[in-house]
Each structure stands twice: as structure tokens, then as C-alpha cells.
Amino acid sequence: MKELFDTVSNDCSKLVTKKYSTSFSLAVNMLSPKIRTDIYNIYGFVRFADEIVDTFHDYNKEELMAHFERDYYLAKEQGISLNPILNSFQQTVKRYHIPDHMVQAFLSSMKADLHKTAYQTKEEYDAYIYGSADVVGLMCLKVFVNGDETQFNELKDAAMRLGSAFQKVNFLRDLKDDFEILNRSYFPNIDLGKLDQASKQQIISEIEADFDYAFKNGILKLPVEAKFGVYMAYRYYRRLLKKLNNVPLEKIMDTRIRISDPMKINLLARSYVKYKLNMI
């Protein structure tokens with residue numbers, strides 16, 4: 001009967017993905033069916049950790065994070081957890097031999113959000129990005145290449161750059177909430193209270209460089225099972241970055257910029273045509 005419980009656990013991770021991110025779940029749905037479940041499982045794990053530090057303000061976040069980390073390692077050791085998100089994630093970790101240093105780097109960045117409010121140096125910023133985004137890209141890549149270490153090593157830099165680009169777009173989109181509600185400032189040497197056009201353009205140029213590298217050196221070389229789904233996520237975030245680039249600074253600091261549902265469908269249709277015509 002453990003198989004039934006594992007199925008329920010996987011379904012919980014899929015539900016978490018769909019409820020928390022319609023855009024990401026749309027991209028995951030474009031992956032091959034045989035790898036979708038494991039990507040949902042990775043997202044469920046990282047989403048719950050992120051929720052602890054970002055939204056559970058009426059609870060002891062440090063205790064919640066400590067319990068979450070402890071319960072994950074118990075799940076990994078015992079091969080089961082009554083927390084369905086942890087139960088599903090530990091299966092994926094074992095199935096694709098995701099190394100513990102990736103999980104630890106992610107949890108380290110999440111725990112930093114419990115107390116750190118500003119990143120003063122590029123080194124601090126890069127370390128946070130690595131843990132919060134790059135390793136998530138690497139975990140997914142482990143699934144995409146299905147044990148092919150040569151292919152993993154060839155694509156890992158691009159996977160990290162794509163993860164970085166996604167995270168930096170999120171930072172730029174969420175400036176209002178991060179700055180006003182969570183009192184966080186991720187971009188080093190940039191005063192968000194006095195953000196100007198030059199600073200904004202510096203951030204966008206950095207993200208565009210990450211996207212360009214990831215597309216040329218990673219997305220185009222991905223296995224067929226993963227290529228279209230990852231390309232779809234890339235197109236969505238690239239469109240969001242374009243929108244952020246076009247709106248005035250005041251609007252970024254005043255509201256959360258989004259891509260409309262009709263635009264998402266339009267992106268999907270155009271991306272699918274390119275994919276079927278072997279243009280990616």
C-alpha cells in the first residue's frame with residue numbers, strides 16, 4: 001500500500017505547484033509525462049520552504065524551518081514521511097541521486113531570509129542566488145539528464161544561469177513586497193528607496209546576459225523530454241522581463257507586474273510552433 005501513499009504524495013506536490021504558480025505548472029505540463037512528477041516534487045519542496053520564510057509571519061519561522069529540515073532528513077533516512085511533500089521529494093532525491101550539498105545550499109539561503117535583510121557585496125548576493133535558485137536548476141537538470149553525468153556537466157553552467165535569471169526577474173518583479181513588507185534588499189549597492197533608471201537597466205542587462213547564455217548553451221541542448229517545457233518557462237520569464245523593462249520605475253515599486261492569461265496562452269502557442277518547426 002506504500003505505492004498508494006506515494007501516489008497521493010506526488011499528487012500533493014502537483015497540487016502545490018498548480019495552486020502557487022500557474023505559470024510554472026503550465027511549463028511543467030509541457031515536459032514529458034515521465035519526468036513531470038519529479039519536477040512537481042522538487043517544486044513542492046522548495047515552495048514550502050519559501051512559504052515558511054516569506055508568509056508565515058504569525059508563527060515561529062525558525063522553529064518551522066528547523067522542523068522542516070529535520071523532517072526531511074528523517075524522511076530521507078527512513079524512506080517515508082507522513083508529510084506528503086517531503087515524502088515525494090525524498091523519492092526524487094534518491095531516484096536521481098541529487099547530492100545533499102544542493103539541498104543544503106538551498107536550505108542555507110532560505111534560512112538566511114529569516115534574519116538577513118540586505119546583501120552588501122556581490123559575493124553575498126551570488127551565494128544567496130546559488131542556494132535559492134541555481135541549485136534548483138541543477139536539481140531539475142539531474143532529472144532531465146536521467147543519470148547522464150557527461151550531459152549534466154555540459155549543461156550545469158547553463159542551468160545555473162537560467163535559475164539565476166528566473167530568480168533575478170522575481171526579485172525585480174517583487175521589489176514592492178520585498179522592500180516594504182519583508183524589509184529585504186537583494187541587489188547589492190543599490191538603494192531601493194532611491195532606485196533610478198540606470199540601476200534598473202544595470203539589473204536588466206545582467207538578467208539578459210544570463211538568459212542569452214542559458215538559451216545558447218543549455219536550452220538548445222536539452223534532452224527532448226525537457227526541452228519544450230524549459231523553453232516555455234524561459235519564454236514566459238523573458239516576456240515578463242520585457243514588461244518590467246517597459247514599465248516606469250514608479251509602477252514597479254507600486255504594484256506587482258504580471259503576465260495576463262491571454263498572453264500566457266499566446267506565448268504557449270507561438271513557442272509550440274517554433275518547437276514543432278525545429279526552430280529550438
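Is D113 buried or exposed? D113 is buried, with a relative accessible area of 6%. Buried means under 20% relative accessible area, with a 1.4 Å probe and protein chains only.

The model is predicted: local features need pLDDT of at least 70, side-chain atom pairs count only at pLDDT 80 or more, and totals for chains, interfaces and linings use all residues. Residues are numbered from 1 along each chain as its sequence is written, and side-chain values use heavy atoms, without hydrogens and water.

**View 1. The loop that holds D113.** D113 sits in the loop between α6 (100–112) and α7 (122–145). Helices are DSSP runs (H or I, at least four residues), numbered from the N terminus.

**View 2. The D113 side chain and Y128.** The two side chains make a polar contact at 2.6 Å. Such a contact is a pair of N or O atoms within 3.5 Å; within protein, one must be able to donate a hydrogen and the other to accept it, and residues adjacent in sequence count only if both atoms are side-chain atoms.

**View 3. Residues around D113.** Neighbours within four places in sequence are left aside here. D113 then contacts V53, Y119, Y128, R184 and Y186. Contact means heavy atoms within 4.5 Å.

**View 4. The chain around the site.** The chain has 13 helices and 0 strands. Buried residues account for 52% of its 280 residues. Of the contacts between residues at least 6 apart in sequence, 70% join residues at least 24 apart. The C-alpha trace spans about 60 × 50 × 35 Å along its principal axes.

Notes: Helices (H or I, at least four residues) and strands (E, at least two) are DSSP runs, numbered from the N terminus. Buried means under 20% relative accessible area, exposed over 50%, partly exposed in between (1.4 Å probe, protein chains only).
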